[in-house]
Amino acid sequence: MKKHRIVFILLLLLLTLAGCNKQKEQEKGTYTEIGLRDTIEMFNNSETFAILLHQTNCAWCREVDPAFEEYVIEHGYNAYHLNFTNAYQTEADTYKADVDILVNHILESILQYDEEYDEMTLFIPEVVFVKNGYIMYDHCGTVESHDPYEAKMTEAQLQELYSYFDEGFSAIY
């Protein structure tokens, strides 16, 4: 009888642990690529979300994209990324009009002055944190001390970048 009791207790313990592991798996976040139209709709629908705006051929973007993905998954957030290069290839018919709507109307508050072209522009990579359709926080680039043409980000630089992500998610959740 004692053996059955011990076996029963061990099985119960194993089931409990298995349940805890499933719970931890469900707490992982997601990182989903979306297009221009989807991004515009999320703003228009007053949604709360975080999104990385980037391009394939951008050295800084190639550093931020995997860092942001790792961060959101490990912290259990759901976030998006809009790759303008991919959007150009898949949304060619509406690309120019949609970029104009997104950049010049929706993202107008985070544009920066480009001295070379003497105009306001969207610099990328740009991580935008949106609450109820309003931009609450944004971060452009990697970190001040990093140059992707010289080296990959160090662990200290990566932690500094994560601190900006912390601020952004704190602003919307």
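The entries go from the whole chain to single residues.

**Entry 1. Ground rules.** I noted that this is a predicted model, in which local features need pLDDT of at least 70, side-chain atom pairs count only at pLDDT 80 or more, and totals for chains, interfaces and linings use all residues. Residues are numbered from 1 along each chain as its sequence is written, and side-chain values use heavy atoms, with hydrogens and water left out.

**Entry 2. The elements.** I counted six helices and seven strands in the protein chain. Helices (H or I, at least four residues) and strands (E, at least two) are DSSP runs, numbered from the N terminus. Read from the N terminus, the elements follow the order α-β-α-β-α-β-α-α-β-β-β-β-α. I then looked up burial, where buried means under 20% relative accessible area, exposed over 50%, and partly exposed in between (1.4 Å probe, protein chains only). Of the 173 residues, 38% count as buried.

**Entry 3. The sheet.** In what order do the five strands of the open sheet lie? I read the order as β1-β3-β2-β6-β7, with mixed pairing. Two strands pair if DSSP finds at least two bridges between them. β1 (30-33) and β7 (134-140) are at the edges and have a single partner strand each, so one side of each lacks a neighbour in the sheet. From one strand to the next, the twist averages 25°; for this, axes are lines fitted to C-alpha atoms (for helices over the stretch in contact), and angles run from 0 to 180 degrees between N-to-C directions.

**Entry 4. Strand β2.** I followed β2 (residues 49-54) to its partner β3 (residues 78-83), with which it pairs in the parallel sense over four bridges. Within β3, H81 is the bridge partner of L52, and Y80 stands opposite I51. β2 also runs antiparallel to β6, joined by five bridges, and there F49 has V130 as its bridge partner. Is β2 mostly covered or uncovered? I found six of its six residues buried. In a regular strand the side chains alternate between the two faces of the sheet. In β2, F49, I51 and L53 on one side and A50, L52 and H54 on the other are all buried, which leaves both faces covered.

**Entry 5. The hairpin of β6 and β7.** I looked next at β6 (residues 126-131), which runs antiparallel to β7 and is joined to it by six bridges. F129 has Y137 of β7 opposite. Two residues lie between the strands of this hairpin, and N132 takes a positive phi near 50° there.

**Entry 6. Backbone details.** Which peptide bond is cis, with omega near 5°? I found that the bond from I124 to P125 is; P125 is in the loop between β5 (119-121) and β6. S46, which is not a glycine, has a positive phi of about 55°. This residue belongs to the loop between α2 (36-44) and β2, and S46 counts as partly exposed at 40% relative accessibility. D118, also other than glycine, has a positive phi near 55°. D118 is located in the loop between β4 (112-114) and β5 and is exposed, with a relative accessible area of 56%.

**Entry 7. Cysteines.** I searched for disulfides, each a pair of cysteine sulfur atoms within 2.5 Å, and the count came to zero. C140 is in no disulfide, and the nearest cysteine sulfur, that of C61, is 8.8 Å away. C61 is buried at 1% relative accessibility, whereas C140 is partly exposed at 28%.

**Entry 8. Contacts across the sequence.** V72 sits in helix α3 (residues 59-75) and is buried, with a relative accessible area of 0%. Its C-alpha atom is 9.4 Å from that of A50, 22 residues apart along the chain. K28, in the loop between α1 (2-26) and β1, is partly exposed at 41%. K28 and Y77 are 49 residues apart in sequence, yet their C-alpha atoms are 7.2 Å apart in space.
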